[in-house]
Amino acid sequence: MSTEEGRSPEGHADAIQAPGTDEALWRAWHGWDRLPDYALPEQGRVVVVVAAHPDDEVLGVGGTIARLVAAGLAVTVVSVTDGEGSHPDSLVLSPAELAELRARELEEALAELGAAGAEIVRLRLPDTGVGDHEDALARELAALLPGAALCLAPWTEDVHSDHEAAGRATLAAARATAVPCALYPVWMWHWAEPGDSRVPWERAARIVLPSAAQALKRAAVSRFATQIRPLGPAPQDAAVLPPEELTHHLRGWEVVFV
C-alpha cells in the first residue's frame, strides 16, 4: 500500500491523505445484506492475484486467498511494484532497502495465509508510476493469465493512480485471455462512505470469511511491519496503515466488483 499519488474524486487535495470514514459507520451500514455472495472457483489451475504494492493483495483479498488455498487451488501473486515509494522521504530506509523488506513481508504474509508455496512474480514497475507503463503491464499479465480460473486485481476507481492503472491493465489482459476478473477495493474504505454514490454497489459482491480465514488474514496483515508501524520517529517515517485504517480490512467479509 502506498499513499503517494492519491487522486481526489471530488476536489480534495488528496482523498487518501484526508481524514477517512470511521469503521464504525461501515460496520453499522444496512447495505451489506444486499450484496450477493461471490462464488469462488472450486477447481482450476491457478488464481492470479494482482497487487499494485506488496500488501494490497492481503488487505483486499487476504481472507479470500486463505479460502482458495484451503480449497486446494494454487495462487500466483503479481507484485506490480515493490512498494518502494511508501516512505519517499524516509531517514531510516532507502527505497531499495524498503523494496526488499516489503518483498520479504509479502512472503511471510502469504505463509500466514497457508500460501507459502504461492508463486510471486515481481514486475518491479516504479511505485507511483504504473500508469506510465500500463500497456506493457497488460502484455505482461496477458502472458501470465491463460488457463487461470480467476484473476483478482485492484479496483479501477480506488482513487490511487497505481491501483487504478494496475486494475485497468489487468482487465485488458483478462479480456484478451478470456479469464474471469473481479476487482477489490483498498483505499475506497477510507475515502468513501456507506451507500456512497461514487461506488458501483450494483456490481459489488461479498466474500464471507470463516473465522479461521479471518484469523489467518489478521496474522498476515501483522507481517507488514514497514506499513503498520513507524519506521522511525520522524513524521516522514510514520505508519502508512495506523490501527484505524487497518480495521477496514479486518472484517468478516471482503468485497469485490464484478
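Author: What follows goes from the core to a helix, then to paired strands and salt bridges. This is a predicted model, in which local features need pLDDT of at least 70 and side-chain atom pairs count only at pLDDT 80 or more, while totals for chains, interfaces and linings use all residues. Residues are numbered from 1 along each chain as its sequence is written, and side-chain values use heavy atoms, with hydrogens and water left out.

Reader: Which residues have the most contacts inside the largest nonpolar core?

Author: In soluble globular proteins, nonpolar side chains tend to be buried together. A nonpolar core is a set of buried Ala, Val, Leu, Ile, Met, Phe, Trp, Tyr and Cys residues joined through side-chain atoms within 4.5 Å, where buried means under 20% relative accessible area, exposed over 50%, and partly exposed in between (1.4 Å probe, protein chains only). Here the largest such core has 83 residues, and L137 and M188 have the most contacts inside it. Leaving aside residues up to four places away in sequence, L137 touches V80, L123, L125, V130, A166 and A169, a contact being heavy atoms within 4.5 Å.

Reader: Which residues are buried in helix α7?

Author: An α-helix has 3.6 residues a turn, so residues three or four places apart point the same way. In α7 (residues 211-221) the buried ones are A213, K217, A220 and V221. Seen down the helix axis, they fall within an arc of 95 degrees, so they line one face of α7; the arc is that of the directions from the helix axis to the C-beta atoms. Among the elements covering them are α2, α3 and β7.

Reader: How many bridges join strand β4 to β5?

Author: Strands pair if DSSP finds at least two bridges between them, and β4 (residues 150-154) is joined to β5 by 4 bridges, the two running parallel. L152 stands opposite A182 in β5. Both faces of β5 are covered, with C181 and L183 buried on one side and A182 and Y184 buried on the other.

Reader: What does R122 form a salt bridge with?

Author: Side chains of opposite charge can pair when their charged atoms come close. A salt bridge is a side-chain nitrogen of Lys or Arg within 4 Å of a carboxyl oxygen of Asp or Glu. R122 pairs with E100, their closest N and O atoms being 3.0 Å apart. R122 lies in strand β3 and E100 in helix α3, so the pair ties together parts that are 22 residues apart in sequence. Both belong to a network of salt bridges that links D82, E100, R122 and R124.
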